[in-house]
Amino acid sequence: MLHDPSHHTPPPVAHEIKLSQKDTDILRRLAGEIAGIASRDVHKEKARLWTKLNDLKSERPMVWINEICWNEMNVSDELTLEAEHPWARDQEDLLRKTIYQWKHLPADMVISDFLGCPLAIHSTDFGIIEDVDIIKTDEKNDVVSRHFNIQIKEPEDLEKIKMPIITHNETATEYCYQAMCEVFDDIIPVRKIGQTHIWFTPWDYLIRWWGIEEAMMDMILRPDMVNAAVSKMVDAWMVELDQFQQMNLLSLDNVNERVGSGGYGYTGQLPVGNYDPDHVRPHNMWGCSNAQIFSEVSPAMHWEFALKHDMRWLRRFGLTYYGCCEPLDKKMEIMRRIPNLRKISVSPWCDIDRAIDEIGGDYVISHKPNPAILAESQWRPEKARADIRRVLEKARGKCHVEFIMKDISTVRYEPQRLWQWAAIAMEEIEKLS
């Protein structure tokens, strides 16, 4: 994640990575499993199907699961870390989670035939972090309740928002890359990966600093201040994107990379014109935006205080994804103003019938089943099946659909619920395909 509104991420530190034989053996064994899984032809076929979906030529709906409550998933110590070195533990954690998801809830998951070494990129962020009171219901879960203390009250407070500065610690990148090559190279290739898809969400930040009720009221009472705030946030992201481009730190995301709040970015329509594989630019990539807090805001105000500003950002990208949790089924008129829009989030708070009728085959419907079904006191697989079937039957022959099960806060420590949901979704799609 490029930014974290809860804290300032410290810059990466360059240090040589020396692993014990035990840690090396653990990572090599897990990498061997990944290499074996990645060699299967099914991944090429899944990538082809994702491409067809995102190119609006879908052969069937696609399914992916993300934002998993990993603290509740461990079965038979499959996720228990054994390595000792902190860097090795981070690598082990990623490998174990990848193997676990493939084994238990793969759906239309695609596993790469290489391991990525992220560039050691750092952003100074936007000058403000959230001032928050937190209540936890489960100490092992990072999903918490928050009360935000207001930091933006008057127009002069907008000066607290700063323009980010991007740096790349090339030495830190090289140490990590060399360590990965030493451990993995004869098992699975290693590639350096720059900044791929960027989660652009001005209102997710503003609301933490402004307050929900206060921001909603100020759209009416102080609209000029609200517009100035959003405009400055877009400026900040644009300044950051310019630095990524100038420093040649971007990487393509038309692969098994999440775009927006949806699924993979596979498409035959990116990268587009004037593409230099040695210098990726924003128009070769996916963009996105959302305004989750605008669930009850009218289409006119959604345009005025969010989307109108977002257009400066969205126009820089080849294709775009819009939305997250906010219902957009009554806002298609403003959605259609986005010239390069390809995917639209259809959250659990949408009227799915209206969304299907309004969107049709013009865009990909990124349908988000309600994860609350996984959190109920009694697991009801028959209800999950009926919900999936209803959407499939309504959309059949009309729409391009992906099912994205996400925001999974809890499965009540019964991971089999999520395994079964994945299996049910794939069974129902196979029946109707």
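Keep in mind that the model is predicted.

**Stop 1: the aromatic pairs**

A search through the whole structure turns up 13 aromatic pairs. Start by selecting tryptophan 64 and tyrosine 264, whose rings make a tilted pair, with 4.9 Å between the centres and 45° between the planes. Now colour by secondary structure: tryptophan 64 sits in strand β1 (residues 62-65), while tyrosine 264 is in the loop between α7 (223-246) and β8 (286-289), so this pair ties together parts that are 200 residues apart in sequence.

Next, select tryptophan 70 and tyrosine 100. The ring centres here are 5.7 Å apart and the planes meet at 75°, which makes the pair edge-to-face, because planes over 60 degrees apart count that way. Tryptophan 70 belongs to the loop between β1 and α3 (86-104), and tyrosine 100 to helix α3 itself, so the pair joins parts 30 residues apart in sequence.

**Stop 2: a cluster of rings**

Show the side chains of Phe126, Phe200, Tyr205, Trp209, Trp237, Trp313 and Phe317. Ring pairs link these residues into a cluster. Keep Phe126 and Tyr205 from that cluster in mind, as both come back at the cavity stop.

**Stop 3: lysines over rings**

Pick tyrosine 177 and look over the face of its ring: lysine 192 is there, 4.8 Å from the ring centre. Then go to tryptophan 286, where lysine 343 lies over the face at 5.9 Å from the ring centre.

**Stop 4: methionine 163**

Select methionine 163, in the loop between β5 (145-148) and β6 (166-168). Methionine 163 is partly exposed, with 34% relative accessibility. What does methionine 163 touch, leaving aside residues up to four places away in sequence? Its contacts are Thr124, Asp125, Lys232, Asp235, Ala236 and Val239. For a sense of scale, draw a line from methionine 163 to tryptophan 102: they are 61 residues apart in sequence, and their C-alpha atoms are 40 Å apart in space.

**Stop 5: the cavity**

How many cavities of 30 Å³ or more does the structure hold? There is one. The largest cavity contains about 40 Å³ of space. To find the largest cavity, select its lining: His3, Asp4, Pro5, His7, His8, Asp125, Phe126, Ile128, Ile129 and Tyr205. Colour that lining by class and you get five nonpolar, three polar and two charged residues. Asp125 in this lining is also one of the residues that methionine 163 touches.

**Stop 6: the second largest pocket**

Finish at the second largest pocket, with a volume of about 370 Å³. Centre the view on His367, Pro369, Asn370, Lys383 and Asp387, which lie nearest the pocket centre among 22 lining residues. Then highlight helix α11 (residues 381-395): this helix gives the most to the lining, with seven residues. By class, the lining of this pocket has 13 nonpolar, three polar and six charged residues.

Notes:
Residues numbered from 1 in each chain as written. Predicted model: local features only at pLDDT ≥ 70, side-chain atom pairs only at ≥ 80, totals over all residues. Heavy atoms only, no water. Phe/Tyr/Trp six-rings, centres within 6.5 Å; stacked < 30°, edge-to-face > 60°. Helix = DSSP H or I, 4+ residues; strand = E, 2+ residues; numbered from the N terminus. Lys NZ or Arg CZ within 6 Å of the ring centre and 35° of its normal. Buried < 20%, exposed > 50% of the residue type's maximum accessible area, 1.4 Å probe, protein only. Contact = heavy atoms within 4.5 Å. 1 Å grid on protein atoms, 1.4 Å probe; cavity = no way out; pocket = protein on both sides within 12 Å on 5 of 7 lines; lining within 4 Å. Points joined across faces, edges and corners; volume = space filled by probe spheres on them. Nonpolar A, V, L, I, M, F, W, Y, C, P; charged D, E, K, R; others polar.
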